[in-house]
Amino acid sequence: MSIFSQQGNERILNEDALLVSETDEKGTIIFANDDFCKVAGYCIDELIGKPHNIVRHPDMPRAAFKDLWDTVKRGEVWTGYVKNSVQGGTGFYWVYATVFPVMRNGKRHYISCRKKPTVDEIESATALYKTL
Ligand SMILES: Cc1cc2nc3c(=O)[nH]c(=O)nc-3n(C[C@H](O)[C@H](O)[C@H](O)COP(=O)(O)O)c2cc1C
């Protein structure tokens, strides 16, 4: 069974989908789980070693990612709504992301865990991001 449904160009996550990725301190992807790969439309080998902006959607304001990076670099947890691109620019999907730092063998890494946002949350984020 798929962990998302397709509505036009949008991939809508199922309630039980959990998209996880881990980066090094520069934002290079070092891990992505199956749910992340399937929704983003990549196989794992296409993601490992790539900068995380590989899934960036042009509608996302720079300010959102500045806030994300400023927050996790301070050692804090960032939560927010992110619109990502599907591989090949063929579509998009919204997530509610929780991003936080971890230590791996004395080095700082970052993990993001993503769940399905509600329709209302997507509408609010869309309106807010248009103003940023
Ligand atoms: C753990 C982690 C997960 C991230 N996940 C995403 C993501 O799903 N989508 C995204 O566009 N950027 C994500 N980013 C932010 C990217 O590193 C990058 O800042 C963003 O895509 C903007 O790229 P740009 O500054 O090159 O335009 C993540 C960063 C970290 C540390």
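Two residues are in contact if their C-beta atoms, placed from the backbone, lie within 7 Å. The structure is a predicted model, in which local features need pLDDT of at least 70, side-chain atom pairs count only at pLDDT 80 or more, and totals for chains, interfaces and linings use all residues. Residue numbers start from 1 along each chain, as its sequence is written. The protein chain holds four helices and seven strands, and 16 residues surround the ligand.

**Overall fold**

- Helices (H or I, at least four residues) and strands (E, at least two) are DSSP runs, numbered from the N terminus.
- From the N terminus on, the order of elements in the protein chain is β-β-β-β-α-α-α-β-β-β-α.
- The C-alpha trace of the protein chain spans about 45 × 35 × 25 Å along its principal axes.
- The radius of gyration is taken over C-alpha atoms, and the globule rule is 2.2 Å times the number of residues to the power 0.38.
- For 132 residues a compact globule would have a radius of gyration near 14 Å, and the 14 Å of the protein chain agrees with this.
- Among contacts in the protein chain with a separation of 6 or more, 46% are between residues 24 or more positions apart.

**Burial and the nonpolar core**

- A residue is buried if 20 or more other C-beta atoms lie within 10 Å of its own, exposed if 12 or fewer, and partly exposed in between, with C-beta atoms placed from the backbone.
- Of the 132 residues of the protein chain, 24% count as buried.
- A nonpolar core is a set of buried Ala, Val, Leu, Ile, Met, Phe, Trp, Tyr and Cys residues joined through C-beta atoms within 7 Å.
- The largest nonpolar core has 17 residues, of which Leu19, Phe36, Val39, Ala40, Tyr93 and Val95 touch the most other members.
- Strand E4 (29-32), helix H1 (34-40) and strand E6 (92-104) each supply at least two residues of this core.
- Not counting residues up to four places away in sequence, Phe36 touches Leu19, Val20 and Ser21.

**Surroundings of the ligand**

- A residue is near a molecule or strand if its C-beta atom, placed from the backbone, lies within 6 Å of it.
- Of the 16 residues that surround the ligand, the closest are Gly27, Asn53, Arg56, Tyr110 and Ser112.
- Strand E3 (19-23), helix H3 (62-73), strand E5 (78-85) and strand E7 (107-115) are the elements that give two or more residues to the shell around the ligand.
- Strand E7 gives the most to this shell, with three residues.
- By class, the shell around the ligand has eight nonpolar, seven polar and one charged residue; Ala, Val, Leu, Ile, Met, Phe, Trp, Tyr, Cys and Pro count as nonpolar, Asp, Glu, Lys and Arg as charged, and the others, Gly among them, as polar.

- The expected span of a helix is 1.5 Å times one less than its number of residues.
- Helix H3 has 12 residues and reaches 16 Å from its first C-alpha to its last, close to the 16 Å expected.
- Just after H3, Gly75 takes a positive phi of about 90°.
- Ala64 lies in helix H3 and is partly exposed, with 18 other C-beta atoms within 10 Å.
- Leaving aside neighbours within four places in sequence, Ala64 is in contact with Gly80, Tyr129 and Leu132.
- The C-alpha atoms of Ala64 and Tyr129 are separated by 8.2 Å, although the two are 65 residues apart along the chain.
- The 13 residues of helix H4 (residues 119-131) should span 18 Å, and the 19 Å between its end C-alpha atoms agrees.
- The number of buried residues in H4 is one of 13, so H4 lies largely in the open.

- Glu22 is found in strand E3 and is partly exposed, with 17 other C-beta atoms within 10 Å.
- Beyond its neighbours within four places in sequence, Glu22 is in contact with Ile30, Phe31, His109, Tyr110 and Ile111.
- Ile111, in strand E7, is partly exposed, with 16 other C-beta atoms within 10 Å.
- Not counting residues up to four places away in sequence, Ile111 touches Val20, Glu22, Phe100 and Val102.
- Asn105 sits in the loop between E6 and E7 and is exposed, with 5 other C-beta atoms within 10 Å.
- Asn105 has a phi near 50°, a positive value in a residue other than glycine.
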